[in-house]
Amino acid sequence: MSQTPAAETAIEPLTPQALRAALGRFATGVTIITCRDAGGQPVGLTANSFASLSLDPPLVLWSLRRASSNLAAFEAARHFAINVLAETQVDLSRRFAASKGDKFADGPWADGLGDCPVLAGCSAVFECETEARHEVGDHVLFIGRVLRLADLPVAPLLFQGGHYRMVGEVL
Ligand SMILES: Cc1cc2nc3c(=O)[nH]c(=O)nc-3n(C[C@H](O)[C@H](O)[C@H](O)COP(=O)(O)O)c2cc1C
């Protein structure tokens, strides 16, 4: 019996590196997800695990590494804001993907719902109330109910194959 194409090209063993590389084929946008920690300090990180979940009710999801230094803040926060980055915001993406440094030092940003930082110049913003949280594997899945959104005519930043990219041809 002949193997399916998937079996012939399967990468074995299924290592975390192989999984990461194959997942990298999937093109995503780039977001910075923000909240306030228990002490009122702004918190945020670059994330591309964001996805739509439901239109009615309006729900979105994203996942946070359990080992992340940001976990306690997002677990305690009632709200978070998903800032969908514009193609001009690669520097911001890099800054919020780092563990060190004052991420919010040179804005511009403003307080949104629940005082979550809303960054200026984004392509879209989804201000959410935490609807549910699930520990799954080595991540925590956050589901947010969208309470307010902004949708601006600004080209979004893309991430694919480990590289930042810009939107290309319409097919
Ligand atoms: C393009 C991109 C997407 C990322 N997506 C996620 C994500 O969805 N979830 C996550 O936990 N970390 C993600 N990260 C990593 C976090 O941004 C990074 O671990 C965090 O800012 C560093 O803080 P830490 O001290 O919590 O590790 C991503 C990084 C990049 C560059």
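Mentor: A residue is called buried if 20 or more other C-beta atoms lie within 10 Å of its own. Please keep this cut-off in mind, for the model before us is predicted.

Trainee: Which residues of strand 2 point one way, and which the other way?

Mentor: Thr 31, Ile 33 and Cys 35 point one way, while Ile 32, Thr 34 and Arg 36 point the other way. Residues of both groups are buried.

Trainee: What makes strand 2 largely enclosed by the rest of the structure?

Mentor: Strand 2 covers residues 31–36, and six of its six residues are buried. It is therefore largely enclosed by the rest of the structure.

Trainee: How do you know that strand 2 and strand 3 pair?

Mentor: Pairing requires at least two bridges between the strands. Strand 2 and strand 3 have six bridges, in the antiparallel sense.

Trainee: What joins strand 2 to strand 6?

Mentor: Four bridges join strand 2 to strand 6, residues 79–84, and the two run antiparallel. The bridge partner of Thr 34 in strand 6 is Ala 81.

Trainee: Why is the protein chain called as compact as a globular protein of its length?

Mentor: The secondary structure of the chain comes to four helices and twelve strands. Its radius of gyration is 17 Å, close to the 16 Å that the globule rule gives for 171 residues, so the chain is as compact as a globular protein of that length. Of these 171 residues, 27% count as buried.

Trainee: What makes up the shell around the ligand, by class?

Mentor: The shell has eight nonpolar, eight polar and one charged residues. Of the 17 residues around the ligand, Leu 45, Ala 47, Ser 49, Ser 68 and Ser 99 come nearest.

Trainee: Which strand supplies the largest share of this shell?

Mentor: Strand 5 does, with four residues. Strand 3 and strand 5 each supply at least two residues.

Key. Residues numbered from 1 in each chain as written. Predicted model: local features only at pLDDT ≥ 70, side-chain atom pairs only at ≥ 80, totals over all residues. Rg over C-alpha atoms; globule rule 2.2 N^0.38 Å. Buried ≥ 20, exposed ≤ 12 C-beta atoms within 10 Å, placed from the backbone. Near = placed C-beta within 6 Å. Nonpolar A, V, L, I, M, F, W, Y, C, P; charged D, E, K, R; others polar.
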